[in-house]
Amino acid sequence: MKASKKEETRQRIIVAASEGFRSNGFSGIGVDGIAKKAGVTSGAFYSHLRSKDGAFEAALLLGLDEVITAIPDFQAQHGTKWVAAFSGYYLGQTHRDNLSGGCAMTTLSPEVVRAKPELKALYEKKMIEITTLIAQGLSGNSHEERLSRAWSLLSVLIGGLTMVRAVASNSTAQVIADSIIRTAINAAGEMEEPVVQN
């Protein structure tokens, strides 16, 4: 079913907000900047998202939903090698150079630290969903063990990408990336073929 023009406009504003917040942080872009990026008036922005905080929430959920979609895709496409493939992509130069379109977990998590409890609760719910998906593609004797590995893997990747993006030279960035990829694979443990859900 085709989205209505109103829904298309809303999605365009959310995408613009998401790219703006990922590139510039919450304080680095305002409502007027988001509206301009989306090709709408500030009035249209307010009619769809009500506030800058509302735009940030929508942008955050969009970004985390992208990860929720990506994890099963990597698991299905790469089987037991999915962690290596995902880590290589996550810390690869194309992804690390793409602030506006890169992973919201890395760019927006620091902003959530200063957010209201309600947004933290939404973030926590999405991150648990992401970690549960990761755990389903890991080996281990129990769900708790796989979940523990999943949290470790995710934390290593998010922190690693932050460091890689912060250094000045590509050579140092690549050394860090290679180290983090190895650590991520080790954190994941031996891999099993994931169960692909219909």
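Modeller: Thr9 touches Val40 and His48, leaving aside residues up to four places away in sequence; contact here means heavy atoms within 4.5 Å. The model is a predicted one, in which local features need pLDDT of at least 70 and side-chain atom pairs count only at pLDDT 80 or more, while totals for chains, interfaces and linings use all residues. Residues are numbered from 1 along each chain as its sequence is written, and side-chain values use heavy atoms, with hydrogens and water left out.

Thr9 lies in helix H1. Helices are DSSP runs of H or I with at least four residues, strands are runs of E with at least two, and both are numbered from the N terminus. Thr9 counts as buried because its relative accessibility is 14%; buried means under 20% relative accessible area, exposed over 50%, and partly exposed in between, with a 1.4 Å probe and protein chains only. Lys6 is found in H1 too, a helix that covers residues 5-24. Lys6 has 63% relative accessibility, so it counts as exposed. The C-alpha atoms of Lys6 and His78 lie 38 Å apart in space, and the two residues are 72 places apart in sequence.

H1 as a whole has 20 residues and reaches 28 Å from its first C-alpha to its last, close to the expected 28 Å at 1.5 Å a residue. That expected span is 1.5 Å times one less than the number of residues in the helix. Just after H1, Gly25 takes a positive phi of about 80 degrees. The buried residues of H1 are Thr9, Ile13, Ile14, Ala16, Ala17, Ser18, Gly20, Phe21 and Arg22. What covers these buried residues includes helix H2 (31-38), H3, H4 and H7.

The C-alpha atoms of Leu62 and Ser18 are separated by 7.5 Å, although the residues are 44 apart along the chain. Leu62 counts as partly exposed because its relative accessible area is 22%.

In the loop between helix H3 (42-49) and H4 sits Arg50. Phi of Arg50 is near 70 degrees, a positive value in a residue other than glycine. With 73% relative accessibility, Arg50 therefore counts as exposed.

H4 and H7 also meet each other. Two packed helices are described by the angle between their axes and the distance between the axes. For H4 and H7 the angle is about 145 degrees and the axes are 10 Å apart. Axes are lines fitted to C-alpha atoms, for helices over the stretch in contact, and angles run from 0 to 180 degrees between N-to-C directions. H4 passes H7 in a left-handed crossing, meaning that the near helix is turned anticlockwise from the far one by less than a right angle, whereas clockwise would be right-handed. From H4, Phe56, Ala59, Leu60, Gly63, Leu64 and Val67 meet Ala104, Met105, Leu108, Glu111 and Val112 of H7. By class, this contact has 9 nonpolar, 1 polar and 1 charged residues. Ala, Val, Leu, Ile, Met, Phe, Trp, Tyr, Cys and Pro count as nonpolar, Asp, Glu, Lys and Arg as charged, and the others, Gly among them, as polar.

A nonpolar core is a set of buried Ala, Val, Leu, Ile, Met, Phe, Trp, Tyr and Cys residues joined through side-chain atoms within 4.5 Å. Of the 55 residues in the largest such core, Phe21, Met105, Ile130 and Ile134 touch the most other members. H4 gives the most to this core, with 10 residues. In soluble globular proteins, nonpolar side chains tend to be buried together.

Ile130 and Ile134 are among the buried residues of H8. Ile134 touches Ile71, Gln75, Trp82, Ala150, Leu153 and Leu154, with residues up to four places away in sequence not counted. The cover over the buried residues of H8 includes helix H4 (52-78), helix H5 (82-90), helix H7 (104-112) and helix H9 (143-166).
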